[in-house]
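Welcome! Let's take a friendly look at how one chain is built and how it meets its neighbour.

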Amino acid sequence: MENDQDKVLNEVTTGEYKYGFVTDIETDVIPKGLSEDVVRLISAKKEEPEWMLEFRLKAFRHWLTMKMPAWANLKIPEINYQDIIFYAAPRQKPAPGSLSEVDPQLIKTFDKLGIPLEEQKRLTGVAVDAVMDSISVKTTFRETLAELGIIFCSFSEAVREHPSLVQKYLASVVPYTDNFFATLNSAVFSDGSFCYIPKGVRCPMELSTYFRINTSNTGQFERTLLIADEESYVSYLEGCTAPMRDENQLHAAVVEIVAERGAEVKYSTVQNWYPGDRDGKGGILNFVTKRGMCKGDDSKISWTQVETGSAITWKYPSCILRGNNSTGEFYSVAVTNNYQQADTGTKMIHIGKNTKSTIVSKGISAGFGQNSYRGLVKVLGKAEGARNFSQCDSLLLGDKCGAHTFPYIEVDNPSAIVEHEATTSRIGEDQIFYCNQRGISTEDAIGLIVNGYAREVINKLPMEFAVEAQKLLQISLEGSVG
Amino acid sequence: MDYRPEVISKLSAMFNAGHGTFLKDSPELFNRHREKAFNDFLRLGIPDRKNEAYKYTNLEKFLNYQYQDYFFPLPSDFREAERFHCEVEDLNVWNMVLLNGFFPHGEDGLVMLPGGIWVGSMKAAVRQFPSLVEKHYNRYVEDGTDGLIPLNTALASDGLFLYAPKNTVYTKPIQIVNLLHSDKDIFVQDRNLIIVEEGAQLSLLSCDHSISPRRFLTNTITEVYVGRNARFDIIRVQNQHDNSGKITHTFIHQERDSYASSNNISLHGGLVRNATWHYLGGENSETHSYGLFLADKDQHIANFVKVDHVAPNCNSTQLFKGVLDDNSSGAFNGRIMVHKDAQKTNAYQSNNNIILSDTARMDTKPQLEIYADDVRCSHGATVGQLDENALFYLRSRGIDVHEARLMLMFGFAHEVIKKISIEALRDRIDDLVQKRLRGELSRCASCAVQCN
């Protein structure tokens, strides 16, 4: 039986990365390396106003004084910032007005990825902003959304068309001095999505950004800014893939969310960057800073993430619960296989009264994967009646992988109730036996158990993504046995 | 401003001037380790809050202080120690009183108890059992990031030695009372070694009392070797005044089929930091780490635990509880580390805390680091207040709110106290905790020092 299980495990863990193709498309790239001139060049290429350039330069100068953080439980290969292309854009005519003007190669790429760029696929009901390398290619359903006053466009467009909004909110949640990678992003970010939901509007469809790295040797640095004004609601999805390459590629993104009074934001990610090959060669280095601010009373931010890709994931989607009665949620499934490493978790900072947060984190490690949960729950002195519940489970498939839990709990208020629970185990032989006994093969049984294990989180995903995420889990792990 | 360079330079001066003081009459074995240890200390420095293990503990208040350079006991000092009488009734133990970590009668102090167990000073032990001490001395200390550990190796000159040879059993617990008594402010570095050989059993009760109102800082290392199939229990009762700081580092090394438990009851103390390392080096061994602390005023009490599962088929539990009042702060930093081949590990860790006042603060960091797959590890941590429903239940049965709160708090603390294996002590601690929770003891009613 052990042998059988090992075989199944092998079969599964050798599953190929489906999205590893490269699109042959003309791109506009700048020379490798990073300097003040490069920052200026990026800004010039994007025809940005002066204040934007100032912001970038401030961040860049600060970045020069910073050191790469070493506290994470990760083995990170040396990153040579002079060997990275900081800007690459698919070459196309300026501002495609309709889909027919977009490069057909590009549309083909996104079709291949299953991303409905064509608006006739109205049935899916998802508005998509597609970002290839550094540039937003096409945003769908803009007109429909505009009728409701919702702004959903690429970041560069927002800088041009809604400068006052961008200026007001940019770096208000993740300041340019925040951390090494956020600062780097602030200096060189190329594009990303911008979204504004006006007062009292419930966004009628899921908004979605799809990120794709295509050019080799590039780093992708996108920046997402999402603002939900009073009493509004939005559900936002994010997906990502990259071609297979032998060298590591850097991805350092920043996501900022602002929720005003009574607003609710649901942010879901299915991260499937290229994880490297079986021997741990290549893959994306994913260093992402995501943070939401529950600025107004009664607001809510909910993060859901399914992390299956990337060679290294370093990501802590956080909530600053400033408004009274605000709520933060974090649901995560992180899978590490082969030589993947993940150090992921969340921060819940309770500032307002009666703030609530929930953390559910499910780690799955297989092969030589190392999976760490790292989280902070901090209750400040004024956060009367704060409440937190955290649950972090780890599942080990195979005897070479590792699962780690590093929670930090800091409580400065006597009325707070903070609970943390974690377990680490493997799939029980009795569970497998139970399934086998009922005629379910070992492989199916493991798929069943893993999916059941992750269900609590996957249930939180919007329908369209839940299906994809479930499939992804199956591809990554189905049949593996510890 | 960073206070540390000044303290380090002062300690350096003291170390360099050591030839006239502690180096002169220390065992050669101790002296052999000093140079390297002091260099390690200089390299690591005094831990500050950037050190993960001290993230929530600030040592400045106690380290940044002018202590008398070095303490040497005079024979007359021990008179105070001889007068001391433990007030726990019916405590059937073999009893020995230490003064500031020093064994009375210095060099001659090594006695054999019935059953063949040796108790005495390190100095005497080095003379009597040179090869044994050499085999174990400074072997189990983890070379980590904490500069205070090599500092002890560099400066300590004596301490407690306990030796249970193969298959010896002493039925009564051994009680060591360490009195802090001096007319000067002192920084004490004591170094203890406990060897429990194959099949032997030993139970140690270690009590700390400060009996003079001076400022004390103690930096203690205790190394424990638990041989095959041996059993060792240590219970520490820490009851010191608010001007005394206590930093302990305990390293318990276990061979296969062995059992060890450590229980730290911190009733009082300005700064208490107990660090316990459990190293499960042999298969089928078992280890337990318990702790209870009650903090008020401006006290800070920290517990650091690391359980290393190196061998397969071992069990471990950690249970730490704290009650915090006034401006006190508490920290818990626990880690279970399951090494690559430690399959079939069963490890559990729990930390529960109750905060009673608006200005008290608790930080906890329970961690799991697991590199083997066939394991069952779990941990839980809570910070909160008393359960409203339980309070309501009691009140609905005619118990007034004050009494009901006390009952619940006492029940909360008792979960740790009931792990104490010595019955008379258990009752006494129950009593002390109850008094403490009622506020009778927290104002130092039973303390002669009256530090505030």
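Buried residues make up 53% of the 452 residues in chain B; a residue is buried if 20 or more other C-beta atoms, placed from the backbone, lie within 10 Å of its own. This is a predicted model, where local features need pLDDT of at least 70 and side-chain atom pairs count only at pLDDT 80 or more, while totals for chains, interfaces and linings use all residues. Residues are numbered from 1 along each chain as its sequence is written, and chains are lettered from A in the order in which they are written.

**Build of chain B**
- Chain B has ten helices and 19 strands, which are DSSP runs numbered from the N terminus (helices: H or I, at least four residues; strands: E, at least two).
- The C-alpha trace of chain B spans about 70 × 55 × 50 Å along its principal axes.

**Where the chains meet**
- In chain A, 29 residues are in contact with 30 residues of chain B, meaning that their C-beta atoms, placed from the backbone, lie within 7 Å.
- Strand 23 (402–411) and strand 24 (417–426) of chain A each give two or more residues to the side that touches chain B.

**Strand pairing**
- Strand 24 of chain A and strand 19 (residues 375–384) of chain B run antiparallel, joined by seven bridges; pairing takes at least two bridges found by DSSP.
- A:Glu421 stands opposite B:Gly380 in strand 19 of chain B.

Key
A residue is buried if 20 or more other C-beta atoms lie within 10 Å of its own, exposed if 12 or fewer, and partly exposed in between; C-beta atoms are placed from the backbone. Two residues are in contact if their C-beta atoms, placed from the backbone, lie within 7 Å.
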